[in-house]
Structure formats: C-alpha cells, structure tokens
Amino acid sequence: IGVGDNAARVELAARFAGILRFAVAVHPSAVVAPDVVIGAGTVVMPGAVLNTGTVVGRHCIVNTSATADHDCVLEDFTHLSPGAHLAGEVHIGARSWIGAGGIVVNGARLCADCRVGAGGVVIHSLTQPGTYVGVPVRRLESKA
C-alpha cells in the first residue's frame, strides 16, 4: 500500500485483509541483497538500497534513494522517506517514520511510533514514541 501516512496504511491494510493478497513491489533500479526479507504489501522505490541481512516488515515504504545497511530491521508499517539512511544494525519500530534525508547511526533502536523530522540525525536509541527533530535529534514536547 503506497500511502505515506502510516496510520492510514494500517487502517487500509486491516480493511482489505482477507480480501486482497498483498504483493511486494520493488522498482528495477533498487538494489536488494539476495538474503533480504521483505514483507507483503511493502514498496521499494527507485534507487533504494537494502543491504545484506536486512528484514523489512509488512506494508512498509522504502522511498526513493533510501538506504538500509547491513542487518537492519524495519518493523511493520514503517516508512523511510526519500534519501533517508540507516547505518548497520539499526532497528526501526512499527509505524515509525524517518523523514527525508534523516540518518540513524549504527546500532540505534527506535521504539514504535517514532517520527524523525527531515534531516534529523539519530545518534542514540529512542525509547519513547514521539516526534524528534534536529542534529542530533531531540524529542518535541506536545502542548496539550
């Protein structure tokens, strides 16, 4: 499902589960190592690179020129925006989003429901859901 909004993609997948069989769509210019595992409903866009040992969950988007180096995990419904880069052994929690040009350093883990703003640089694991921006990223506090 190529809908960029993670929550909308979750809803659509649930609505059509059992009705449709979801395929994996990989653009011919994407580079995907032979041992990469990609879940149903995931799209891999032009110029994307998924290196050895990477596991991509169901209904994910790996957008134009995004990269995931060795042994990364993208849980279900994650979205790597254009030009986002994951170093080796990065773990991205379900429904998380890495904005355009965002970077996550080696070994960092993001819990579910994290949003990293465009150009954000994650230099440590993120253990609380929320929106993170800046270099290095800092969590934005919600104004309730």
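Author: Let us start with strands, which are DSSP runs of E with at least two residues, while helices are runs of H or I with at least four residues, both numbered from the N terminus; two strands pair if DSSP finds at least two bridges between them. This is a predicted model, in which local features need pLDDT of at least 70 and side-chain atom pairs count only at pLDDT 80 or more, whereas totals for chains, interfaces and linings use all residues. Residues are numbered from 1 along each chain as its sequence is written, and side-chain values use heavy atoms, with hydrogens and water left out.

Reader: How do you know that β6 and β9 pair?

Author: Two bridges join β6 (residues 55-56) to β9 (residues 73-74), and the definition asks for at least two, so the strands count as paired. The two strands run parallel, and Val55 stands opposite Val73 in β9.

Reader: What makes β3 and β15 edge strands?

Author: Five strands form an open sheet in the order β3-β6-β9-β12-β15, with parallel pairing. Because β3 (37-38) and β15 (109-110) each have a single partner strand, one side of each is left without a neighbour in the sheet.

Reader: Which residues of α1 are called buried, and what puts them on the same side?

Author: In α1 (residues 6-16), Asn6, Arg9 and Ala13 are buried, a word that means under 20% relative accessible area, with exposed meaning over 50% and partly exposed in between (1.4 Å probe, protein chains only). They cover an arc of only 55° around the axis, taken from the directions from the helix axis to the C-beta atoms, and therefore lie on the same side of α1. On the other side of α1, Ala7 and Ala14 are exposed. The buried residues of α1 pack against β7 (61-62), β10 (79-80) and β13 (97-98), where contact means heavy atoms within 4.5 Å.
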